[in-house]
Amino acid sequence: MRFALTDDQAALRDAVRELLTRECPPDAVRAAWPGPGTDPDRVAAIWAKLAEMGVLGAAVPEADGGLGLGACDLVPLLEEAGRVALPLPLVETAFVAAPLLAATGAQDELLGRLVAGEAIVAVSLDGSGLVPFAGVAEVLLLGAGPGAAIGLSPAAAAEPVDSIDGARGLGRADAEAPATPLDLDPRERDGAWDRGVLGAAAQLVGLSRTLLALSDEYVKERRQFGVPIGSFQAVKHQLADALLALEFAAPMVLRAAWSLDHGEPTASRNVAAAKALASDAAEQVAATALQVHGAIAYTTEYDLHLFAKRVWASARAWGDAEWQRARVAAALDLNPASAVPLP
Amino acid sequence: MDLTYSAAEEAFRAEAREWLEANVPHDLASGDTAAGFAQHLEWEKRLFEARWAVVSWPEDYGGRDASIWEWLIFEEEYYRAGAPMRVTQNGIFLLAPTLFEFGTPAQQDRVLPRMAAAADLWCQGWSEPGAGSDLAATKSRAVRDEEAGGWRLTGQKTWTTRGAFCTHMFGLFRTDPESERHRGLTYFMVPLDAEGVTVRGFERLDGDEGFAEVFLEDAFIPDDAAIGEVGEGWRVAMATTGSERGLTLRSPGRFLSAAGRLAELARNNPRASAARVDRVARAWIEAEAYQQFTLKQVTDIAAGRAPGAQSSLNKLFWSELDIRLQETALDLLGPEAELDGPWSRAFLFALAGPIYAGTNEIQRNIVAERLLGLPRK
């Protein structure tokens with residue numbers, strides 16, 4: 001028993017952290033927003049660096065030109081993507097689509113270009129038809145809800161729509177009728193769903209770490225009544241609660257990754273539990289961050305909103321906390337009573 | 001990551017499970033009543049005879065030299081089997097780790113075997129009428145008796161769990177009358193039958209005589225009753241509070257088993273509305289999260305990294321999870337919840353969680369100051 005990353009996993013995570021810290025500071029996230037400061041080339045350069053490092057093909061079998069890594073290797077990297085609010089679909093392309101395309105055995109051309117960083121695949125499997133990062137994608141992977149058929153459509157099938165998070169490049173597509181249905185066995189199809197949910201959870205953990213770190217620094221610096229506001233118990237306790245929620249969500253995310261890698265029968269249930277905890281934790285951390293910063297957080301000039309808006313979008317994508325708990329309840333054979341009971 | 005147990009660990013689990021299934025008594029009276037305490041003592045003696053009382057201790061003291069992983073496995077099996085609460089817990093989980101770290105070999109030989117055998121029963125003398133969350137406000141004092149070679153204790157301890165049924169107490173006393181706060185305190189072991197010691201039991205919220213106050217008036221204890229150096233009691237005590245807040249007092253097995261029973265209660269229950277099922281799922285997920293957090297923490301401990309202030313995270317999480325879990329059970333029982341029974345008792349017990357072992361307000365201060373580095377003032 002050893003609940004810790006291997007040295008290799010930690011080294012890969014550190015390398016990705018270093019790359020993203022360098023290439024994706026907050027002004028690179030702003031470059032993904034529409035408006036006067038928009039700079040698609042700068043955003044594209046981050047993707048090229050990730051491809052160069054092999055991250056885009058990390059979850060693709062070695063025979064198909066990837067690194068053949070598993071969820072335990074990928075989850076720490078996706079946390080790093082969350083930590084910098086990466087304005088690109090790393091979860092969707094590298095963790096959901098890439099292994100799925102490899103499994104079909106019939107998408108080698110697309111897969112090859114995906115691994116090389118030439119083709120971005122945006123994904124929407126929750127039935128909403130809302131596709132984050134459709135704006136930068138070449139191909140869409142679409143499904144009409146967990147358990148439904150999955151297929152591919154060209155990115156042009158998505159209409160751009162405005163998101164509260166301008167860096168998400170959100171589009172809306174018809175998830176019911178993708179242009180090219182994929183021939184998948186149910187295990188592959190459900191695996192793609194689980195990876196999407198888990199990837200979203202990992203990103204939420206990373207986003208939460210940044211929001212908490214920003215808040216921690218801020219309350220040590222900001223002085224009111226002649227003292228740092230971080231010395232007030234009312235502030236301390238909110239931040240302690242935020243850390244508590246985060247520290248108990250993060251291990252569950254790693255546990256779920258291990259379950260997926262080892263085909264545990266409880267894998268899907270653990271993935272749902274991880275997302276439930278991560279969604280709730282991230283929303284709590286974001287709300288706390290906003291509150292302890294005060295008015296400065298309620299501006300777009302300060303960076304906090306870049307991370308908070310990603311939380312508000314991702315906490316509900318791939319199923320919100322309550323939906324995930326319902327999945328866990330169903331897995332535990334708990335069904336709500338249908339009739340109105342006695343008091 | 002390797003989340004599997006070895007063949008030897010699984011064999012340990014199988015042995016524990018088999019023995020517990022064959023031996024665990026059910027329907028004991030509460031261990032916080034005189035009659036129930038005696039029944040629990042019988043159980044402790046059986047555990048000891050089968051060498052399950054203190055699995056992680058050396059064999060010479062009645063243990064099995066079990067690793068911390070095996071200890072976790074035993075705890076999981078213990079609560080899975082629905083075994084009784086450990087009336088010896090304040091000794092074996094709180095005092096013993098302190099003795100292993102700070103005690104002399106002679107103290108260890110004298111105290112630990114009798115503690116394991118439940119021949120001596122230990123309670124904790126931390127709180128005083130004027131020193132609760134503010135433990136450093138301890139006023140009970142120890143005055144040097146050179147002639148007799150020891151100390152004379154005077155003062156009052158309170159909220160002493162199961163004090164009325166125990167034979168010994170460990171606690172902090174001010175040995176330097178000029179000292180303030182956490183300086184000048186010493187950690188002593190006190191036999192409760194010593195002359196000058198009076199114990200008065202009183203009822204807790206749940207109606208059991210689980211509390212006691214201990215009055216000391218010039219009670220003599222010899223020099224070798226001190227653990228660690230004279231005047232170093234605060235440092236020694238902090239080692240124990242880490243155990244109390246952390247995983248030794250509340251292993252994840254407890255909450256996994258309670259969450260399993262809650263799910264059982266909710267299954268096919270006409271009061272299990274969608275909102276209540278959501279709360280059941282939440283409690284179940286949180287028990288699972290506590291398990292994963294613990295596996296990570298034990299990995300660190302096994303690698304020689306002490307959990308330190310992290311134990312405050314454990315304490316906040318398990319104590320508040322416990323209350324949510326028990327409240328959900330009561331809501332599933334509806335009007336029946338007020339009946340005296342396992343759920344109502346577990347609920348009343350859980351209510352104490354955010355108060356003992358350092359209130360949760362104190363724990364939040366510790367998390368903010370020591371894990372997040374926020375300024376004390």
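Me: What distance separates the centres of domain 2 and domain 3 of chain B, taken over C-alpha atoms?
Reply: This is a predicted model: local features need pLDDT of at least 70, side-chain atom pairs count only at pLDDT 80 or more, and totals for chains, interfaces and linings use all residues. Residues are numbered from 1 along each chain as its sequence is written, while chains are lettered from A and ligands numbered from 1 in the order written. Chain B splits into domain 1 (7–87), domain 2 (122–237) and domain 3 (246–371), with bounds from an automatic or database domain assignment. Between the centres of domains 2 and 3 of chain B, the C-alpha distance is 30 Å.

Me: Which helix of chain A gives the most to the side that touches chain B?
Reply: Contact means C-beta atoms, placed from the backbone, within 7 Å; 43 residues of chain A meet 43 of chain B this way. Helices 7 (186–221), 8 (233–261), 9 (267–293) and 11 (321–331) of chain A each give two or more residues. Helices (H or I, at least four residues) and strands (E, at least two) are DSSP runs, numbered from the N terminus. With 15 residues, the top contributor is helix 8 of chain A.

Methods:
Contact = placed C-beta atoms within 7 Å.
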